[in-house]
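Me: Please show me the structure, and then we can go through it by question and answer.

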Amino acid sequence: MAKDYILSLDADRWLFHADILVDKAHVVMLQDRGILKKHEAAAILGCLANIEEREADFIDHELPLYEDLHTAIESVVIREIGEDVGGRMHTGRSRNDEVAACIRIALRSELFEVMRELIGLRRALLGKAAEHLETIMPGYTHLQHAQATTYAHYLLAHADAFARDFSRLIRAYECTNMSPLGAAAFASTGFPIDRERTAKLLGFDAVLEHSMDAVSTRDFVIETISCCSNLMVNLSRLAEELILWSTSEFDFVRIPAEYATGSSIMPQKRNPDYAELVRARAGTVYGCLMSVLSICKALPYSYNRDLQEVTPHLLKATKTTTASVAVMKAMVEGLELKEEEMEKKAPLGFTAATELADTIVQKTGMSFRTAHKIISSTVSVLTDENLKLITGQESENAAATEILRQIDEIATGIIGKKLSEMGLTEKEVREALNITLNIQRRKVKGGPAKKEVQRMIEKRRTELDKDEKSRQEKEERVRRSSEELEREVKKKKRSIRVIKRLSPNLLGIVK
């Protein structure tokens, strides 16, 4: 029971490949520096390859017998080739710098995965936006009808938020991809190791220089989970809107069938369960962040076993976030839009009121605040019923005449003048209340006018391509380093001329 309490099997399984890589790089460096003899390095590397090949068996049967993954691998190496040779693998290092390096390597892979999925989500949003440049919809503040916009303009808002999330992930990657190896327990080592060599073999961008800081810090974990938390905030906002918009009250979208579920009793139901789980799992990731912050708070330098509890939260946060991005991408791609319903509801709630106030300012020269006061007082009169000109259900000229008459009446009570006498015409009122014209007038940078949205889409596609190239380049650098490490391992195993001097047990290991 006491032994079970200290185990971290899930985290150890996650770190298996990273640990093997770290062991290989360390052994290659030790031989390069003359700390290990050629036959010793070859024997250890051969045994590590053997363990790697039988990963499932090792994890299921060997790992549970030991305190942790790192001890398990070293113990098996010693058991297979003897302590005189296998016991040299750990020379010049500690579990402290080894564990820290393994976490960074494993996390690096998780960051690549979430970045790949996020690129896909952003591409899906931009693709949908390009299809709906002229799809009119109501825009909201306080969840109340505010001003009309387009679906393309709306989607770009989410795309931009996710673009910033990507930038944060890149910075988290750069903070993560630094090598702590060589720091040993915290005071480095007296052996003449080469920290830059292991860093290069493992694809790290740099060495985390200060030995005490290298093994003690988990700021890269906090930064990563913070990025995941921010990303989940943005995912949950999109999820919430899909949930709302798929209701009968809004009826804007239909969520793909594979991402909706039925009811055990109500045959007609299409529950947006996947979106609801994205919304809920944002809280899961926030919990991981708070847990890690609480664990790391006030820890004395250098290493403390408390840090073992950090890794499971990191694993949970990254896996949850990656899965949530993937689900959201699929929902966006398969979303069915009810364009007629969105356009029908766009003018409701007098969403053209701001444009009408702006028109009064431009045509009469009065202050915006005065125009705002007049239109605000007009809201109770200009109901949705007598604003049907926007949907073409009434004579536009007749409606404009009636609306201007009502505005004049209210303006007379507020400023003592009719706006029609100050230059406001029925044509200008009609144009201000036309939702399509209303949107197209908003062509300032970032606005919903068609040409401006097209410009933003093209710019964001270019930025997306740059982000994808950046991710690919980083992943390619890691891949090349891994290939270099494997070449070094094979070279050192091939260079053996003294296998016959070794224990017969090695003949099946060193190839």
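**Contacts, burial and helix packing**

Reply: Leaving aside residues up to four places away in sequence, Thr176 touches Arg104, Leu107, Arg108, Leu111, Phe204, Phe220 and Thr224, where contact means heavy atoms within 4.5 Å. This is a predicted model in which local features need pLDDT of at least 70 and side-chain atom pairs count only at pLDDT 80 or more, while totals for chains, interfaces and linings use all residues. Residues are numbered from 1 along each chain as its sequence is written, and side-chain values use heavy atoms, with hydrogens and water left out.

Me: Is Thr176 buried or exposed?

Reply: Buried means under 20% relative accessible area, exposed over 50%, and partly exposed in between, with a 1.4 Å probe and protein chains only. The relative accessible area of Thr176 is 0%, so this residue is buried.

Me: Which backbone oxygen lies 2.8 Å from a polar atom of the side chain of Thr176?

Reply: Thr176 lies in helix H8, residues 151-176; helices here are DSSP runs of H or I with at least four residues, numbered from the N terminus. The backbone oxygen at 2.8 Å from a polar atom of the Thr176 side chain belongs to Ala172.

Me: Is Asn304 buried or exposed?

Reply: Asn304 lies in the loop between helix H12 (273-296) and H13. The backbone oxygen of Pro300 is 2.7 Å from a polar atom of the Asn304 side chain. With a relative accessible area of 18%, Asn304 is therefore buried.

Me: At what angle do H7 and H13 pack?

Reply: Helix H7 covers residues 95-131 and helix H13 residues 310-334, and their axes are 9 Å apart. Axes are lines fitted to C-alpha atoms, for helices over the stretch in contact, and angles run from 0 to 180 degrees between N-to-C directions. The angle between H7 and H13 is about 20°.

Me: How many nonpolar residues are in the contact of H7 with H13?

Reply: Residues of H7 including Ile103, Leu107 and Glu110 meet residues of H13 including Thr311, Leu314 and Thr318. In the contact of H7 with H13, 5 residues are polar, 7 are charged and the nonpolar ones number 12.

Me: Which residues of H13 does H2 meet?

Reply: The axes of helix H2 (residues 9-32) and H13 come within 9 Å and cross at roughly 65°. From H2, Asp10, Ala11 and Trp14 take part, and their partners in H13 are Thr311, Leu314 and Leu315.

Terms used:
Helices (H or I, at least four residues) and strands (E, at least two) are DSSP runs, numbered from the N terminus. Ala, Val, Leu, Ile, Met, Phe, Trp, Tyr, Cys and Pro count as nonpolar, Asp, Glu, Lys and Arg as charged, and the others, Gly among them, as polar. A polar contact is a pair of N or O atoms within 3.5 Å; within protein, one must be able to donate a hydrogen and the other to accept it, and residues adjacent in sequence count only if both atoms are side-chain atoms.
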